Amino acid sequence: MKEATINKQSYGKTANGVAVDEYTLTNANQVEVKIITYGGIITSLSVPDRKGQLANVVLGRSTLADYEAGHPYLGAIIGRFGNRIGKARFKLNGQEYTLAANDGPNSLHGGRKGFDKQVWTAKEVPGGLELSYLSRDGEEGYPGNLATRVVYSLNDQNELRIDYTATTDRPTVVNLTNHSYFNLAGNGAPSIENHLIMINADRYTPVDQNLIPTGELASVAGTPFDFRLPRQIAAGIRSGHPQVVLGRGIDHNFVINRTDNTSLVLAASLYEPNSGRAMDVLTTEPGIQFYTGNFLDGTLLGSSGGLYRQGDGLCLETQHFPDSPNQPGFPTTVLNPGETYRSTTVFKFSAR
Ligand code: GLA
């Protein structure tokens, strides 16, 4: 299999004077992904439509200063713990840990300065880019020095693959993901509502008013959460279902159907009928957060040159379930010394 070519260029310096680079991975089909070392952010991802027309299908900001000024995790690596930990605390081996609360009472996406705001160390590897970051013991309240590696790679099958690994020197919790917002009609296209989505999940995790899972694994049957066959997103997000009301749309974790705990399985498929662009998401994770961009509110100027409004992009965040450290019934997110955390997600693009 031919490997993607990699180019590096400077992306400027952070406000604190740290140099940030941008890496461009390009494959034989002109699929091109740009990643910056700040937050490991995917700033742009160009894929062809059914006529071969390329468009960037992810939301972003235009400059490093824009990213540093703040944004809702556009394209970023999320860690040490993706999604919410209720009341910003958890117990591990009898000890209570207090985290930074940055989402009402909760800790969201790693805390105030999560992995999305760190400058990662980059190394070119065959067909891809390896980013590493050492999260120190106590950072954002989490125990253990966590050595994290994320490898982005691209092949000629138009697969963007993300391999995450991490090791620790004290027991801790880990849940890594990527927070890209997709719009297969192109960055800046008005809404993802016309996209069709299939989610390979018989169950999802309902939430309380703070968007913390209640612990129940509820059946999707007969609800707006039933995406087992491809359905238009519009149908679900305007329903009066109490869970949709709480999320202001869909912002829920789906329990991926799988027969074992480790293999790469199809979690979701997305299709945009006008362009014909399609994306499959495969993962080794047990869950996927389908988030319909409900908090985009017209206050953020995007790399499209226009403002992002509600539903202008959607996220498919492969993950362990939110609040797992406080939910004994959920698959564990504990990582112990001597173990290696491993997670893989593939975004596969095509057109039809
Ligand atoms: C995740 C969460 C959402 C929201 C976004 C970022 O998808 O589930 O509730 O916090 O990240 O805005």
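Visitor: What makes the turn between S8 and S9 a hairpin to look at, and which residue there takes a positive phi?
Guide: In this predicted model, two residues lie between the strands of that hairpin, and Asn93 has a positive phi near 50°.

Visitor: How do you know that S8 and S9 pair, and in which sense?
Guide: Pairing asks for at least two bridges between two strands. Strand S8, residues 89-92, and strand S9, residues 95-98, share four bridges, so they count as paired, and the sense is antiparallel.

Visitor: Which residue in S9 does Phe90 stand opposite?
Guide: Phe90 has Tyr97 across from it.

Visitor: How many helices and strands does the chain have?
Guide: You will find 30 strands and three helices.

Visitor: Why does the radius of gyration agree with a compact globule?
Guide: The rule takes 2.2 Å times the number of residues to the power 0.38. For 352 residues a compact globule would come out near 20 Å, and the chain has 19 Å, so the two agree. Along the principal axes, the C-alpha atoms fill a box of roughly 60 × 50 × 40 Å.

Visitor: What part of the contacts with a separation of 6 or more joins residues 24 or more positions apart?
Guide: That part is 65%, where a contact needs heavy atoms within 4.5 Å.

Visitor: How far apart do the centres of the positive and negative side chains lie?
Guide: They lie 1 Å apart, with 31 positive and 34 negative side chains in the chain.

Conventions: Residues numbered from 1 in each chain as written. Predicted model: local features only at pLDDT ≥ 70, side-chain atom pairs only at ≥ 80, totals over all residues. Heavy atoms only, no water. Lys, Arg positive; Asp, Glu negative; His and termini not counted. Charge placed at Lys NZ, Arg CZ, Asp CG, Glu CD.
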